[in-house]
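Please examine the sequence and structure before reading on.

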Amino acid sequence: MNKTINDNLIKNSAIIAISNKISLLQRKLFNFLIAHAYIYLNEKDSFEINLNDLKTRLSYNSKNLAYLKESLMWLISTVVEFNILWKDKDLWSATALLSSVEFCEWKCIYSFSPVLRKKLHQPNIYSKIKLSTMKLFSSKYSLCLYEIFIDYEKIWQTPQISLWDFRKLMWIEDTQYLEFKRLSLRVIKPALEELN
């Protein structure tokens, strides 16, 4: 039986509210790899996708395969904290976004850690992220805010987020944008403009 993904990514709320240490391409990659693996998460430990299909889905038009590999390796080496906004009242957790990746005969073979697979498959609290909309964003801040807004869409308002948690969600270094005015000018306003 041939299973295919649609335009909706079912994404656990705890995985939406992560410390955003990753680039825009890396977040898009992670989202697409989740969507691609989702229907098999309880059946398999590793997943594969044709590299050309992956590039097409991401609208990655570059021939620089080394950069794509580097982005995937970064997902392995990046440990993120989940559930920063405590929406699903789950226990605190942290893990790498990917546990392994390999390229073999124009296929990308990847896996998630057991902790992450459990969170990804049939979450109690989740949102549906449109992959076609996700591809349009040109800023990691915009994509992060889009996912948070979608996660709280049915509640009609986002929670109050402390400045500390907001900086963690956007992954803004302690030395960056110390004044709120600069944070607003460089991060918040451009992201909201792109969302609008």
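Q: Which side chain meets that of R27 in a salt bridge?
A: This is a predicted model, in which local features need pLDDT of at least 70, side-chain atom pairs count only at pLDDT 80 or more, and totals for chains, interfaces and linings use all residues. Residues are numbered from 1 along each chain as its sequence is written, and side-chain values use heavy atoms, with hydrogens and water left out. A salt bridge requires a side-chain nitrogen of Lys or Arg within 4 Å of a carboxyl oxygen of Asp or Glu. At 2.8 Å from N to O, the partner of R27 is E147.

Q: How many residues apart in sequence are the parts that R27 and E147 tie together?
A: R27 belongs to helix α2 (residues 24-37) and E147 to helix α7; helices are DSSP runs of H or I with at least four residues, and strands are runs of E with at least two, numbered from the N terminus. The pair therefore joins parts whose separation is 120 residues.

Q: Which helix holds K168, which meets E81 in a salt bridge?
A: The side chains of E81 and K168 meet at 3.4 Å, N to O. E81 lies in strand β3 (residues 79-82), whereas K168 lies in helix α8.
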